[in-house]
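Please look over the briefing below, which takes the annotated spans, the helix packing and the pocket in turn.

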Amino acid sequence: TGGQVLFNSLICFLTILVMTLDMFTMLIAMTFNGAYFAAVVLGYGLGALFFGHLRENYQRHLAQNGSLPPPTTCGGVETSHCAGAYACEDCAPVAGEKKV
């Protein structure tokens, strides 16, 4: 449908943007300039501090609307909805999911 095409296009654009930023970050780190490297690490840390909650809230919102499967647990720790496979053999599905 048109909505799915738009969604996939947005995901594609965001993936390209993130990969571009990641590659530039790698190039900055490869300059071996300590100040640039510290700035990149500090930027990632501050980004996670100030914006990390947005991803969690969005995933929780999708899970409440039924857009995502229920979360799974691995060793008592809730795993990502996007993992696609369980991290270890001891991972136990929640809410009746089957092991991969």
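In this predicted model, residues 35–54 are 100% helix and 0% strand, and their end C-alpha atoms lie 29 Å apart; helices here are DSSP runs (H or I, at least four residues; strands are E, at least two), numbered from the N terminus. Residues are numbered from 1 along each chain as its sequence is written, and local features need pLDDT of at least 70, side-chain atom pairs count only at pLDDT 80 or more, and totals for chains, interfaces and linings use all residues. Side-chain values use heavy atoms, with hydrogens and water left out.

**Annotated spans**
- An unreviewed UniProt entry lists residues 7–29 and 35–54 as "transmembrane region", an annotation that may be inferred rather than shown by experiment.
- Residues 7–29 are likewise 100% helix and 0% strand, with end C-alpha atoms 33 Å apart.

**Helix packing**
- Asp22, Thr25, Ile28 and Ala29 in H1 meet Tyr36, Phe37, Val40 and Tyr44 in H2, where contact means heavy atoms within 4.5 Å.
- By class, this contact of H1 with H2 has six nonpolar, one polar and one charged residues (Ala, Val, Leu, Ile, Met, Phe, Trp, Tyr, Cys and Pro count as nonpolar, Asp, Glu, Lys and Arg as charged, and the others, Gly among them, as polar).

**Largest pocket**
- Helix H1 (2–29) and helix H2 (34–64) each supply at least two residues of the lining of the largest pocket; a pocket is an open set of points on a 1 Å grid over the protein atoms alone, where a 1.4 Å probe fits, with protein on both sides within 12 Å along at least five of seven lines, and lining residues have an atom within 4 Å of a point.
- Of the 16 lining residues, Leu14, Val18, Leu21, Phe51 and Arg55 lie nearest the centre of this pocket.
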